[in-house]
Amino acid sequence: MRYRQLAEAYARIEATTSRLAMTALLADLFRAAPARALDRIVYLTQGQLAPGFAGIEIGVAEKLAVRAVAQAAGVPPEDVARRLARAGDLGTVAEALLERTRPVRPALTVEHVHKTLEAAARATGKGAQAAKLAAVAGLLRRATPLEARYLVRTVTGTLRLGVGDMTVLDALADVFAGGRAARRELERAYNLTSDLGYVAVTVARGGLAAIRRVHVVIGKPIRPMLAERLADPAAILAKLGGRCAAEYKYDGERLQIHKQGARVELYSRRLERITAQYPDVTALVRRHVTAKDAILEGEVVAVDPDTGDLRPFQDLMRRRRKYGVEEAMAALPAALYAFDLLYTDGRDLTAQPYAERRRQLERAIVPDDRFRLATGREVTSVEDLEAFFQQAVADGCEGLICKAAGGVYQAGARGWLWIKLKREYRSAMTDAVDLVVVGAFHGRGRRAGTYGALLMAAYDADAEVFPTVCKLGSGFTDEFLHALPGLLEPHTRTARPPRVESRLIPDRWIEPALVFEVIGAEITVSPVHTAGWAAVRPAAGLAIRFPRFVRVREDKGPTDATTVRELLRMYRERLTRAAS
């Protein structure tokens, strides 16, 4: 397939903010594509070369891309840099410069672009940068101006078409599965494999029959099941039928662990492969998991090497590094608390009730001080749940996860089969929430030269957008404020990102990517912020009053943030408590 067709489709998608229109344009693109190229088309449309868990990143810095554009256009790099400073988008700069040139033949194909970029991404060692430069410049010499716009944005990680995963699945359902009603079955396959390209090729070649045969596969991480939240133990028991399996909620990092013989891979909550960062955990898995092949979930927690006490999440994050891993392991050893088993020796357990998965998990591991089951018990009364909660907090945990004993594993879903009861919910303050940075405001006074406040958003899972909920300006240390421009720089945009809904105009727009934990005084109605717009009052949304920064949630992606539904429920619960 010609890459020109892809670039033309991107231009049309970029020109609309309507999700329905985006879906129709994607459907046209998929309809015209050969099945053998469909996975690569999907990955490139996501701004990737492979599913996220594969860890294949193009990794072309802006300065290197400037040099590549200069080589292809036959102009000095300084000229490209000056144009970039004025335009703010290297893609449009490349497009304008290449208007003066004639592309080298033959024309680019999707397959060639993908193969070339993948080879460049895999280049390592002393010659890696030169290989990336040669690859990008070579593609640009063969590109039309429009193709150059999207090639440059792809390699620099700034494609940002505003196309969400569910929009891709809707388009695939329209073209290959008989209509939008089949989206749920495609979503199930995606939730079990976390690979949109794989789902696309599967449905294109075999229709819904092939999609229904998709199952859990070791090496393709399952999109994690998520918990709802409630602050009242009585309400939790009522939701779960008067009985639940309560487990400690550890203050660590959630891992999905894939074991195939002696090979072990670890995936984060965001499904990034992080095996290299926890060599001690992989050794624990090899030693203590008796099944030959298994997929299990657990929480890795930092442990005080002197006392054995659990350490806070911030200490564990010091382990997330590329270098000095051995030294970090010695200073901060880790313990793993397993809480679910999803697959074992050829058996997919996701459709089994939780109580059965727990029994299978107990049989699948040999516990010791560093690798054990999450502490849990069956609870049938409010008093027992209260007491177990207090015990969890005393043992250094955040609180509890309360699970329906008969509940299946709902991959990729947030539902009432798991409910969080956390420490923050019992304080006089508002519940802590996880919000996405979508904008930044220049600082004044002591904060001159950095950003003084951030525009924060929740996630609307139904519409796949990020509506704003507060302006965050407190809780930052001087060191954090100094580092903030560098942290935000890769995600800054001159125009509002397509999936951000905001009535405020920040000094800098930020592509939804970074998640911060925030705590505040209360949730209130606001005519300024757009989260839950008109759900409580006409021409008003929800806002968090007096928000305060707690920490960066490096373990969460933007779609893992607190949802608008959760904010609405928290707001209504506060009103109910006040009325009573």
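What we have here is a predicted model, in which local features need pLDDT of at least 70 and side-chain atom pairs count only at pLDDT 80 or more, while totals for chains, interfaces and linings use all residues. Residues are numbered from 1 along each chain as its sequence is written, and side-chain values use heavy atoms, with hydrogens and water left out.

Let me begin with glutamate 228, which sits in strand E1 (strands are DSSP runs of E with at least two residues, helices are runs of H or I with at least four, and both are numbered from the N terminus). With a relative accessibility of 9%, glutamate 228 counts as buried. Its side chain makes a polar contact with the side chain of arginine 569, at 2.7 Å, where a polar contact is a pair of N or O atoms within 3.5 Å, and within protein one must be able to donate a hydrogen and the other to accept it, with residues adjacent in sequence counting only if both atoms are side-chain atoms. Contact in the wider sense means heavy atoms within 4.5 Å, and beyond its neighbours within four places in sequence, glutamate 228 has such contacts with residues including Arg414, Trp416, Trp418 and Glu566.

That strand belongs to an open, mixed sheet of 5 strands, in the order E1-E11-E10-E2-E9, two strands being paired if DSSP finds at least two bridges between them. E1 (226-229) and E9 (376-379) are the edge strands, each with a single partner, so one side of each has no neighbour in the sheet. Within the sheet, E10 (residues 399-403) and E11 (residues 414-422) run antiparallel and are joined by 5 bridges, and glycine 399 stands opposite lysine 422 in E11.

Turning to another part of the chain, which helix is largely enclosed by the rest of the structure? It is H9 (residues 145-155), because 10 of its 11 residues are buried. Among the buried ones are Glu147, Arg149, Tyr150 and Arg153, and the buried residues of H9 pack against helices H1 (3-14), H3 (38-45), H4 (62-73), H6 (90-98), H7 (110-122) and H8 (128-141).

As for H7 and H8 themselves, His112, Val113, Thr116, Leu117, Ala120 and Ala121 in H7 meet Lys132, Ala135 and Leu139 in H8.

Definitions and conventions. Buried means under 20% relative accessible area, exposed over 50%, partly exposed in between (1.4 Å probe, protein chains only).
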